[in-house]
Amino acid sequence: MDTDFIVIGGGIAGASAGCELAAHGRVVVLEREDAPGYHTTGRSAALYTENYGNRVIRVLTIASKPFFDAHGFLAARGVVFVGTAEQDAAIDRALADGKSFPQTFEEISKAEALRLLPILRDDYFARAIHEPDATDMDVHGIHQAFLRTLRERGGQLVTATGDAVANRTATGWEVETRQGRFRAPVVVNAAGAWADAVAKAAGVRTIGLVPKRRTAITFDAPAETPVHGWPMGLDIEETFYFKPEAGRVLASPADETPSEPCDAQADEYDVAVCVDRIERATTLQVRRITHRWAGLRSFVADKTPVVGEAPDAPGFFWCAGQGGYGIMTSPAMGRVVAALASGAALPADLAAMGLTAGDLAPQRLQTA
Ligand SMILES: Cc1cc2nc3c(=O)[nH]c(=O)nc-3n(C[C@H](O)[C@H](O)[C@H](O)COP(=O)(O)OP(=O)(O)OC[C@H]3O[C@@H](n4cnc5c(N)ncnc54)[C@H](O)[C@@H]3O)c2cc1C
């Protein structure tokens with residue numbers, strides 16, 4: 001089948017890129033699994049915060065908010081950051097950084113922190129910061145909205161492709177899959193943790209992507225505890241977090257264990273660390289874990305996403321390295337991919353916030 005753009009990977013990155021590219025030409029999104037949200041996209045903590053990551057990530061996050069707001073994908077949550085007496089300097093650093101955040105980010109008294117999150121242990125933390133504007137995201141709704149728009153614009157999602165393999169041809173790229181062969185002048189590599197593997201198979205220089213496993217669990221809160229209205233509780237140095245999730249508590253030890261790209265599974269040790277950290281910081285007791293899982297957050301060396309044409313492979317575009325912010329940056333990332341892959345300038349709103357193509361370009365990464 002001949003088309004204009006082939007996207008490898010149907011997670012949030014491939015879906016948003018495909019949806020935006022479909023405004024410029026014919027698009028086919030190829031997903032190895034039966035379900036496009038099976039890997040990292042379906043395993044996130046679903047938090048939107050403008051107070052996370054470096055300048056580039058913050059620009060991509062802020063530029064994504066109008067899309068989320070227009071579709072009603074955000075719901076009030078807030079975050080309370082806590083620090084122990086030993087973490088005094090970390091609280092000060094966060095507050096100094098926070099001066100540049102558009103969202104409110106301010107130190108609150110211990111009494112106020114305990115009012116917001118009554119399950120915090122009074123003798124565990126010394127100081128707290130409140131970020132009231134962080135929100136929950138409807139990840140499934142966002143992903144489906146991208147895929148729906150892709151279809152409405154004439155694009156196609158092909159699932160159960162097995163490992164799609166891209167090969168260079170005289171005129172562009174041919175991608176082999178279990179569902180047939182696809183040809184296009186442009187291929188977009190949005191394969192999540194497998195992005196370097198996809199490049200390698202295509203004979204394209206890799207970007208040093210490191211998938212890092214992160215574990216999460218859900219457990220029952222005490223019957224009389226009104227879980228729903230709590231903000232997220234987050235250690236100031238991100239060594240654990242917890243938040244309400246459909247009447248239960250979702251918690252993570254915020255682990256970052258380097259991994260091969262794979263169907264990540266929760267490790268018993270990380271689950272035990274999670275339980276220990278939650279029980280030390282709060283009065284919660286984890287009696288019954290209802291669900292445990294892990295997902296791969298994939299980073300390059302500077303922890304900034306990679307978007308742009310491979311310097312050694314005309315027509316091969318990267319859309320990778322979304323790390324721990326791939327959902328909340330997805331609308332803006334999709335627009336950047338579509339602009340660059342169709343030969344246009346960066347979207348005006350992103351350029352006005354100081355984003356340049358060089359901030360995201362694969363050229364900045366020196367790998368073999
Ligand atoms: C525990 C946890 C908490 C997180 N919390 C947040 C959060 O609060 N907020 C936030 O914004 N982000 C969060 N993230 C990060 C976010 O989930 C990721 O950045 C995002 O899902 C990455 O999307 P993706 O499409 O790149 O990857 P994926 O969803 O993994 O999609 C890649 C797809 O490519 C497919 N694929 C791979 N190779 C091939 C091939 N050769 N052929 C065909 N298909 C292929 C795979 O099957 C996969 O479906 C969290 C992640 C984890 C694990």
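## Ligand shell and enclosed cavities

His39, Thr40, Arg43, Ala193, Trp194, Cys262, Ala264, Gly295 and Leu296 line the second largest cavity (a set of points, on a 1 Å grid over the protein atoms alone, where a 1.4 Å probe fits but cannot get out, with lining residues having an atom within 4 Å of a point). The model is predicted, so local features need pLDDT of at least 70 and side-chain atom pairs pLDDT 80 or more, whereas totals for chains, interfaces and linings use all residues. Residues are numbered from 1 along each chain, and side-chain values use heavy atoms, without hydrogens or water.

**Cavities**
- The largest cavity holds about 50 Å³ and is lined by ten residues, of which Arg205, Thr206, Ile207, Pro311 and Pro362 lie nearest its centre.

**Ligand**
- The ligand is surrounded by 39 residues, the closest being Glu31, Thr41, Leu47, Gly323 and Met328 (each with a heavy atom within 4 Å).
- Domain 1 and domain 2 both contribute to this shell, so the ligand lies between them.
- Among the polar contacts (N or O pairs within 3.5 Å), a backbone N or O atom of Ala13 lies 3.0 Å from a ligand oxygen atom, while one of Ala164 lies 3.0 Å from a ligand nitrogen atom.
- The ligand taken alone exposes 1,000 Å², of which the protein buries 97% (Shrake-Rupley method, 1.4 Å probe).

Key
Polar contact = N/O pair within 3.5 Å; in protein donor to acceptor, adjacent residues only side chain to side chain. Domains from an automatic or database assignment. 1 Å grid on protein atoms, 1.4 Å probe; cavity = no way out; pocket = protein on both sides within 12 Å on 5 of 7 lines; lining within 4 Å. Points joined across faces, edges and corners; volume = space filled by probe spheres on them.
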